[in-house]
Amino acid sequence: MVDPTPEWVFSDADRAAMALALTEARTAGATGDVPVGAVVTDASGAVIARSHNRRVGDSDPTAHAEILALRAAARQRGSWRLDGCTLYVTLEPCAMCAAACVLARLDCVVFGAADPKAGFAGSLANLLEEPRLNHRVAWRSGLRADEAATLLREFFAKYRNGR
């Protein structure tokens, strides 16, 4: 299990970016998709991209919030290299998304709730720090984790009960 980063480590800018990611997550839930949201900021802290899960709406198994936000950030920057950028995401990235963070050369990933069943930023494994890869991504966890976990719990409770 991922040990959460102490609350005092997070800045006001971190909190603001995660608030936007939570807003994105709520949008995903309202459209019938798993409520996960993501935001990318540049080195100055400016938001350059944001998205939410769209697997259902796009009929695309790769339309995770992180992937969509990384794609939008790369378009915004005009480069696939997102060095100097931080990804904020409400749920610990899966293997696909963690690998995309490494390939995008992100500086940091900040996530809310840990995902003990599919997380690859410390739960099942940690692709962000894999020494055999050519880039490592710093990460912090637990920012507004309770809110993110509550969104997920409520979504799946409705899903199990037939909405």
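Guide: Glu7, Asp12 and Arg15 are linked in a network of salt bridges, a salt bridge being a side-chain nitrogen of Lys or Arg within 4 Å of a carboxyl oxygen of Asp or Glu. The model is predicted, so local features need pLDDT of at least 70 and side-chain atom pairs count only at pLDDT 80 or more, whereas totals for chains, interfaces and linings use all residues. Residues are numbered from 1 along each chain as its sequence is written, and side-chain values use heavy atoms, with hydrogens and water left out.

Arginine 15 is partly exposed at a relative accessible area of 28%, and glutamate 7 is partly exposed at 42%; here buried means under 20% relative accessible area, exposed over 50%, and partly exposed in between, with a 1.4 Å probe and protein chains only.

By the salt-bridge rule the count comes to 10 salt bridges, and among them is the pair of glutamate 130 and arginine 132, with the closest N and O atoms 2.6 Å apart. In this pair glutamate 130 is buried, with a relative accessible area of 17%, while arginine 132 is exposed, with 75%. Glutamate 147 forms a salt bridge with arginine 144, where the closest N and O atoms are 2.7 Å apart; glutamate 147 counts as partly exposed at 32% relative accessibility, and arginine 144 is partly exposed at 28%.

Turning to the helices, which are DSSP runs (H or I, at least four residues) numbered from the N terminus, the axes of H3 (residues 65–77) and H4 (residues 95–103) come within 9 Å and cross at roughly 25 degrees. H3 is therefore roughly parallel to H4, because angles under 35 degrees count as roughly parallel; the axes are lines fitted to C-alpha atoms over the stretch in contact, and angles run from 0 to 180 degrees between N-to-C directions. H3 passes H4 in a left-handed crossing, meaning that the near helix is turned anticlockwise from the far one by less than a right angle. Glu66, Ile67 and Leu70 of H3 and Met96, Cys97, Ala100 and Cys101 of H4 make the contact, defined by heavy atoms within 4.5 Å. By class, this contact of H3 with H4 has six nonpolar residues, no polar ones and one charged residue, where Ala, Val, Leu, Ile, Met, Phe, Trp, Tyr, Cys and Pro count as nonpolar, Asp, Glu, Lys and Arg as charged, and the others, Gly among them, as polar.

Methods:
Helix = DSSP H or I, 4+ residues; strand = E, 2+ residues; numbered from the N terminus. Parallel < 35°, antiparallel > 145°, perpendicular 65-115°, else oblique.
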